[in-house]
Amino acid sequence: MNRTTILTILVVLLMAVNAVTLYLLFQKDARRERRFNPSQLFEKLQLDAKQEEQFEALRKTHFQKRDSLRNEEMRLRKAMSAMITNGVTDSIQIDSITRQLAVNRRAFDLNFYNHFLQLRSVLRPEQQAHFGEVMEMIMRRMGPPGGGRPPQKPHP
């Protein structure tokens, strides 16, 4: 191979690496935009300083509880995985772990519901009128990219 061929291959390779890097960078930015930013809530609802303080306190409590529930879910899922790996077929054990997961999920959803109900209680009536818009924005950002679940292929 002559020098020109080697340099051409090197340039094409560097361009490919650059393209992949740019793609990954933009993907990261797109994910970042989906994250909920409390300042958007403050702006949309026009919270005053006292309400912002109350919101931050509610948010801290909500996230502590949420993180605890997520950790419990992971513990339960690992236990269920271990049961599968070990070939456990005892329906009592299977029912127990799935019930614990259901109870944990219910607590997770109630934590979410109560958090936003508490936040709503901090708002003035004119702010509550815009709360539905904020909830839609939050739910959209919590969902999968693209705003909805892709259609599922039927199982054979």
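## A pair in helix α3

Because Glu 72 and Arg 75 sit three residues apart in helix α3 (residues 49-85), about one helical turn separates them. Helices here are DSSP runs of H or I with at least four residues, numbered from the N terminus, while strands are E runs of at least two. The two side chains form a salt bridge, with 2.8 Å between the closest N and O atoms. The term salt bridge covers a side-chain nitrogen of Lys or Arg within 4 Å of a carboxyl oxygen of Asp or Glu.

Glu 72 is partly exposed at a relative accessible area of 27%, and Arg 75 is partly exposed too, at 45%. For reference, buried is under 20% relative accessible area, exposed is over 50%, and partly exposed is in between (1.4 Å probe, protein chains only).

## What kind of model this is

This is a predicted model, so local features need pLDDT of at least 70 and side-chain atom pairs count only at pLDDT 80 or more, while totals for chains, interfaces and linings use all residues. Residues are numbered from 1 along each chain as its sequence is written, and side-chain values use heavy atoms, with hydrogens and water left out.

The chain's mean pLDDT (the predictor's confidence in each residue, from 0 to 100) is 84, and 85% of its residues reach 70 or more. Helix α1 (residues 3-34) has the lowest confidence, with a mean of 75, and α4 has the highest, at 95. Where pLDDT is low, the predicted coordinates should not be read in detail.

## Other salt bridges

Searching the whole structure turns up seven salt bridges. One of them links Arg 105 to Asp 109, with the closest N and O atoms 3.0 Å apart. These two are four residues apart in helix α4 (residues 91-122), which means about one helical turn between them. Arg 105 is partly exposed at 43% relative accessibility, and Asp 109 is partly exposed at 37%.

Then there's Glu 126, which forms a salt bridge with Arg 124, the closest N and O atoms being 2.8 Å apart. Glu 126 counts as partly exposed at 47%, as does Arg 124 at 33%. Through shared partners, salt bridges tie Asp 48, Arg 124 and Glu 126 into one network.

## How α3 and α4 pack

Two packed helices are described by the angle between their axes and the distance between the axes. For α3 and α4, the angle is about 170° and the axes are 10 Å apart. Here axes are lines fitted to C-alpha atoms, for helices over the stretch in contact, and angles run from 0 to 180 degrees between N-to-C directions. The pair is therefore roughly antiparallel (over 145 degrees; under 35 counts as roughly parallel, 65 to 115 as roughly perpendicular, and the rest as oblique).

The residues of this contact divide into 15 nonpolar, 10 polar and eight charged. Nonpolar takes in Ala, Val, Leu, Ile, Met, Phe, Trp, Tyr, Cys and Pro, charged takes in Asp, Glu, Lys and Arg, and the others, Gly among them, are polar.

Which residues does His 62 contact, leaving aside its neighbours within four places in sequence? They are Asn 111, Phe 112 and His 115, where contact means heavy atoms within 4.5 Å. His 62 lies in helix α3 and is buried, at 9% relative accessible area.

Gln 51 also belongs to helix α3 and is buried at 4% relative accessibility. Not counting residues up to four places away in sequence, Gln 51 touches Gln 46, Val 122, Leu 123, Arg 124 and Gln 127.
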